[in-house]
Amino acid sequence: MKHTYIPVGVCSRQIDIELDDNAKIINVKFHGGCAGNTAGISSLVVGMSAEEAIDRLKGIDCRGRGTSCPDQLATALEEALEEF
(Lines give C-alpha, C1' and ligand atoms only; values in the text may rest on other atoms or scores of the structure.)
Protein backbone atom coordinates (compact mmCIF):
# COMPACT_ATOMS: atom_id res chain seq x y z
CA MET A 1 0.00 0.00 0.00
CA LYS A 2 1.26 3.46 -0.89
CA HIS A 3 0.39 6.59 1.06
CA THR A 4 1.29 10.24 0.51
CA TYR A 5 1.28 12.72 3.38
CA ILE A 6 1.74 16.51 3.37
CA PRO A 7 3.69 17.46 6.54
CA VAL A 8 2.83 20.48 8.68
CA GLY A 9 5.31 22.68 10.55
CA VAL A 10 8.51 21.24 9.04
CA CYS A 11 10.76 21.85 6.04
CA SER A 12 9.72 18.65 4.23
CA ARG A 13 6.97 19.22 1.67
CA GLN A 14 5.78 15.62 1.21
CA ILE A 15 6.34 12.12 2.60
CA ASP A 16 5.68 9.04 0.47
CA ILE A 17 5.32 5.76 2.35
CA GLU A 18 4.97 2.19 1.13
CA LEU A 19 3.78 -0.56 3.50
CA ASP A 20 3.53 -4.29 2.85
CA ASP A 21 0.43 -6.41 3.65
CA ASN A 22 1.57 -6.74 7.29
CA ALA A 23 2.04 -2.97 7.80
CA LYS A 24 5.81 -3.29 7.60
CA ILE A 25 7.60 -0.31 6.06
CA ILE A 26 9.00 -1.05 2.61
CA ASN A 27 10.01 2.47 1.58
CA VAL A 28 9.91 6.08 2.82
CA LYS A 29 10.75 9.10 0.67
CA PHE A 30 10.86 12.65 2.04
CA HIS A 31 10.61 15.53 -0.44
CA GLY A 32 12.45 18.54 0.92
CA GLY A 33 13.86 18.95 4.40
CA CYS A 34 17.42 18.21 5.56
CA ALA A 35 18.58 15.66 2.99
CA GLY A 36 20.97 13.73 5.21
CA ASN A 37 18.60 13.54 8.16
CA THR A 38 15.55 12.51 6.14
CA ALA A 39 17.56 9.92 4.19
CA GLY A 40 18.84 8.54 7.50
CA ILE A 41 15.37 8.34 9.02
CA SER A 42 14.05 6.65 5.89
CA SER A 43 16.84 4.08 5.91
CA LEU A 44 16.43 3.30 9.61
CA VAL A 45 12.69 2.59 9.47
CA VAL A 46 12.71 0.30 6.42
CA GLY A 47 11.84 -3.20 7.59
CA MET A 48 10.28 -1.90 10.82
CA SER A 49 6.59 -2.28 11.56
CA ALA A 50 4.61 0.93 11.22
CA GLU A 51 3.55 0.65 14.88
CA GLU A 52 7.15 0.37 16.11
CA ALA A 53 8.23 3.36 14.02
CA ILE A 54 5.31 5.40 15.39
CA ASP A 55 6.29 4.46 18.96
CA ARG A 56 9.90 5.51 18.38
CA LEU A 57 9.31 8.73 16.40
CA LYS A 58 6.13 10.28 17.83
CA GLY A 59 6.78 13.44 19.81
CA ILE A 60 10.31 14.24 18.60
CA ASP A 61 10.68 18.03 18.43
CA CYS A 62 12.81 20.15 16.10
CA ARG A 63 13.92 23.54 17.41
CA GLY A 64 10.81 24.14 19.53
CA ARG A 65 8.40 23.72 16.62
CA GLY A 66 6.33 21.14 18.47
CA THR A 67 7.00 18.67 15.67
CA SER A 68 9.81 17.41 13.43
CA CYS A 69 10.28 15.33 10.30
CA PRO A 70 10.39 12.11 12.40
CA ASP A 71 7.24 13.19 14.26
CA GLN A 72 5.52 13.99 10.97
CA LEU A 73 6.53 10.55 9.65
CA ALA A 74 4.85 9.03 12.71
CA THR A 75 1.70 11.03 11.94
CA ALA A 76 1.86 9.93 8.30
CA LEU A 77 2.17 6.30 9.38
CA GLU A 78 -0.82 6.67 11.72
CA GLU A 79 -2.83 8.09 8.83
CA ALA A 80 -1.68 5.24 6.55
CA LEU A 81 -2.71 2.64 9.13
CA GLU A 82 -6.21 4.14 9.23
CA GLU A 83 -6.52 3.27 5.51
CA PHE A 84 -5.19 -0.25 6.04
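Which residue's side chain meets that of K58 in a salt bridge? The residue is E78, and the N to O distance is 3.1 Å. The model behind this report is a predicted one.

**Salt bridges**

E78 belongs to helix α3, whereas K58 sits in the loop between α2 and α3, so their contact ties together parts that are 20 residues apart in sequence. A search of the whole structure gives 2 salt bridges. Another pairing is that of E52 with R56, whose side chains meet at 2.8 Å, N to O. Both E52 and R56 are in helix α2, 4 residues apart, which is about one turn of the helix.

How exposed are the residues in these pairs? R56 is exposed because its relative accessible area is 55%, and the cut-off for exposed is over 50%. E52, at 33% relative accessibility, is partly exposed. E78 is partly exposed at 30%, and K58 is partly exposed at 40%.

| Salt bridge | Distance, N to O |
|---|---|
| E52 and R56 | 2.8 Å |
| E78 and K58 | 3.1 Å |

An open sheet is formed by 3 strands, in the order β1-β2-β3, with antiparallel pairing. Its edge strands are β1 (2–5) and β3 (25–32), each of which pairs on one side only. On average, neighbouring strands in the sheet are turned by 15° against each other, direction ignored. Helix α1, residues 35–45, packs on this sheet and touches β2 and β3. The direction of α1 makes about 170° with that of β3.

Between β1 and β2 (residues 12–19), the antiparallel pairing runs over 4 bridges. Which residue of β2 is the bridge partner of Y5? That partner is I15.

**The nonpolar core**

The largest nonpolar core has 21 residues, and V45, L73 and L77 touch the most other members. Two or more residues each come from β2, β3, α1, α2 (50–57) and α3 (69–83). Helix α3 gives the largest share of the core, 6 residues.

What does V45 touch, leaving aside residues up to four places away in sequence? Its contacts are I25, V28, A53, L57 and L73.

Notes:
Residues are numbered from 1 along each chain as its sequence is written. This is a predicted model: local features need pLDDT of at least 70, side-chain atom pairs count only at pLDDT 80 or more; totals for chains, interfaces and linings use all residues. Side-chain values use heavy atoms; hydrogens and water are left out. Two strands pair if DSSP finds at least two bridges between them. Axes are lines fitted to C-alpha atoms, for helices over the stretch in contact, and angles run from 0 to 180 degrees between N-to-C directions. Contact means heavy atoms within 4.5 Å. A nonpolar core is a set of buried Ala, Val, Leu, Ile, Met, Phe, Trp, Tyr and Cys residues joined through side-chain atoms within 4.5 Å. Buried means under 20% relative accessible area, exposed over 50%, partly exposed in between (1.4 Å probe, protein chains only). A salt bridge is a side-chain nitrogen of Lys or Arg within 4 Å of a carboxyl oxygen of Asp or Glu.
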